[in-house]
Amino acid sequence: MLINIGAYCFRVSTDRKDIVPVIESLYGDSINTSDVADFSVKILSTSILRRFLKPQVSFFCDQHSPFKPLPAAQAYPLLEWGMNWCIATHDHTRLLVHAAVLVKNGQAIIFPAVPGSGKSTLTAYHALSGWSLYSDEMAVIDLKTGLVEPIYRPVCLKNNSIYLVKKWFPDSLFTPTWKDTQKGDVAHLKVLKWNEHRSLSPAKIIAVVFPKYVKDQELTVYQLNQLQGFETLSKNVFNYTTLGKTGFFAVDRLIRHAKLFEIEYGSLQDVNEFLAEDVLM
Amino acid sequence: MSRSYVLHAKTDVVVMQDGSGVVLFSGFSGRCAFLQNQSFKVEDPFKKPTDTAVLLENKIQSFEIKSILSLNDVDTLKVEKWLLNNDFISILSH
């Protein structure tokens with residue numbers, strides 16, 4: 001099947017029939033047969049012996065398998081991680097930042113963050129509270145225009161955030177929870193329908209916010225200077241070294257035209273108010 | 001003693017508009033150097049280094065580390081040595 005995620009198209013095949021309904025639930029409305037694929041990926045069971053004894057699956061991009069096999073029960077998360085890997089390691093025509101992207105009134109805010117900073121919980125909360133989800137995992141930025149492009153992917157929730165987001169938004173579409181992956185328990189959340197995603201346009205980045213969740217912490221906002229912003233942001237660019245000088249000037253342009261903040265927060269409502277009152281123009 | 005430097009042919013520099021410092025990129029190694037302006041204060045967010053135009057427009061001009069970054073003599077030597085060893089700059093004159 002061909003999955004169109006907006007900026008990229010994946011040809012996906014698998015011998016694991018159990019993940020097909022999951023793929024269809026998340027991407028069913030963007031599956032088509034006419035587009036040319038950017039990436040051809042597979043999730044395949046490993047050896048015949050392994051089909052009976054602790055079954056495992058491998059991810060392939062063309063004939064290349066970049067990861068070690070994982071337990072078969074983690075086939076779907078492996079597909080999502082593999083798709084991220086394909087984009088991050090192959091697309092050198094855009095600046096790819098490890099960041100969530102939320103947009104309101106045509107103004108984009110990107111949230112680069114290290115694992116455990118609460119990025120996906122923050123993304124899910126805002127995406128289901130009036131913001132447009134452009135990405136949970138990767139900001140895809142056009143090198144010529146500096147605009148961030150929307151990509152059609154679910155939000156990847158981990159551990160306790162699965163429980164929280166289900167409690168806040170019980171009517172949303174969640175995949176099953178996959179236990180004990182390398183990132184802990186994982187579930188995916190579908191936020192937009194394909195026709196809603198298609199109505200989104202590339203957006204101007206007005207701010208870069210580095211979030212950090214600290215339990216019970218009152219919202220604390222630090223305004224970063226451009227040097228701090230440049231250094232921190234460049235560390236979150238997947239293809240910074242590959243792009244070389246082009247990436248260097250792309251980051252420079254981004255930080256010159258964006259507000260730069262680091263926030264520590266314990267309440268997503270506080271973050272929402274901060275973004276609406278102090279960041280959006 | 002004043003030392004002047006030229007940037008390597010494959011070194012690019014951007015000066016932060018808010019005066020917070022300078023970032024160098026080496027096209028040889030793909031590495032960046034983030035150099036903070038020691039006199040930068042949040043209260044003066046738009047203070048511009050005086051050498052901005054020189055740096056951006058003409059790489060042959062001397063690269064005056066001490067004045068751009070408001071460093072003392074000891075720190076200037078350390079930064080110069082690091083930039084020299086990592087192929088961001090070359091000595092122009094003594």
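Hi everyone, let me begin with one residue: A:Asp29 is partly exposed, at 34% relative accessibility. Before I say who its partner is, please keep in mind that we are looking at a predicted model.

So, which residue forms a salt bridge with A:Asp29? The partner is A:Lys190, and the closest N and O atoms are 3.3 Å apart. A:Lys190 sits in strand 15 of chain A, residues 184-190, while A:Asp29 belongs to the loop between helix 1 (20-27) and strand 3 (31-32) of chain A, so this pair ties together parts that are 161 residues apart in sequence.

Staying with charges for a moment, how many salt bridges does the structure hold over all chains? The total is 11. Another one in chain A joins A:Arg16 to A:Asp18, with 3.2 Å between the closest N and O atoms. A:Asp18 is partly exposed, and its relative accessible area is 42%.

Over in chain B, B:Lys78 and B:Asp75 meet through their side chains in a salt bridge, at 3.9 Å from N to O. Both residues lie in helix 3 of chain B, residues 73-85, and they are three residues apart, about one turn of the helix. B:Lys78 counts as exposed, at 55% relative accessibility, and B:Asp75 as partly exposed, at 28%. Salt bridges can share partners as well, and in that way A:Asp91, A:Arg94 and A:Glu149 are joined into one network.

Chain B has three helices and five strands, and along the sequence they come in the pattern β-β-β-β-α-α-α-β. Of its 94 residues, 45% are buried. If you take the contacts in chain B between residues at least 6 apart in sequence, 59% of them join residues at least 24 apart. The chain exposes about 5200 Å², and carbon and sulfur atoms supply 54% of that area.

The element I would like you to look at is strand 2 of chain B, residues 11-15. Why is strand 2 described as largely enclosed by the rest of the structure? Because five of its five residues are buried. In a regular strand, side chains alternate between the two faces of the sheet. Here, B:Thr11, B:Val13 and B:Val15 point one way from strand 2 of chain B, B:Asp12 and B:Val14 point the other way, and all are buried.

And what does strand 2 of chain B pair with? With strand 3 of chain B, residues 21-26, in the antiparallel sense and over five bridges. To pick out one position, B:Val14 has B:Val23 as its bridge partner in strand 3 of chain B. Five residues lie between the strands of this hairpin, and in it B:Gly19 takes a positive phi near 80°.

One last residue brings both chains into the picture. A:Ser234 lies in helix 6 of chain A, residues 226-234, and counts as buried, at 8% relative accessibility. Which residues is A:Ser234 in contact with, leaving aside its neighbours within four places in sequence? They are A:Tyr240 and, from chain B, B:Phe34.

Conventions: Residues numbered from 1 in each chain as written. Chains lettered and ligands numbered in written order. Predicted model: local features only at pLDDT ≥ 70, side-chain atom pairs only at ≥ 80, totals over all residues. Heavy atoms only, no water. Helix = DSSP H or I, 4+ residues; strand = E, 2+ residues; numbered from the N terminus. Buried < 20%, exposed > 50% of the residue type's maximum accessible area, 1.4 Å probe, protein only. Contact = heavy atoms within 4.5 Å. Areas by Shrake-Rupley, 256 points an atom, 1.4 Å probe, with all protein chains shown as cover. Pairing = 2+ DSSP bridges. Salt bridge = Lys/Arg side-chain N within 4 Å of Asp/Glu carboxyl O.
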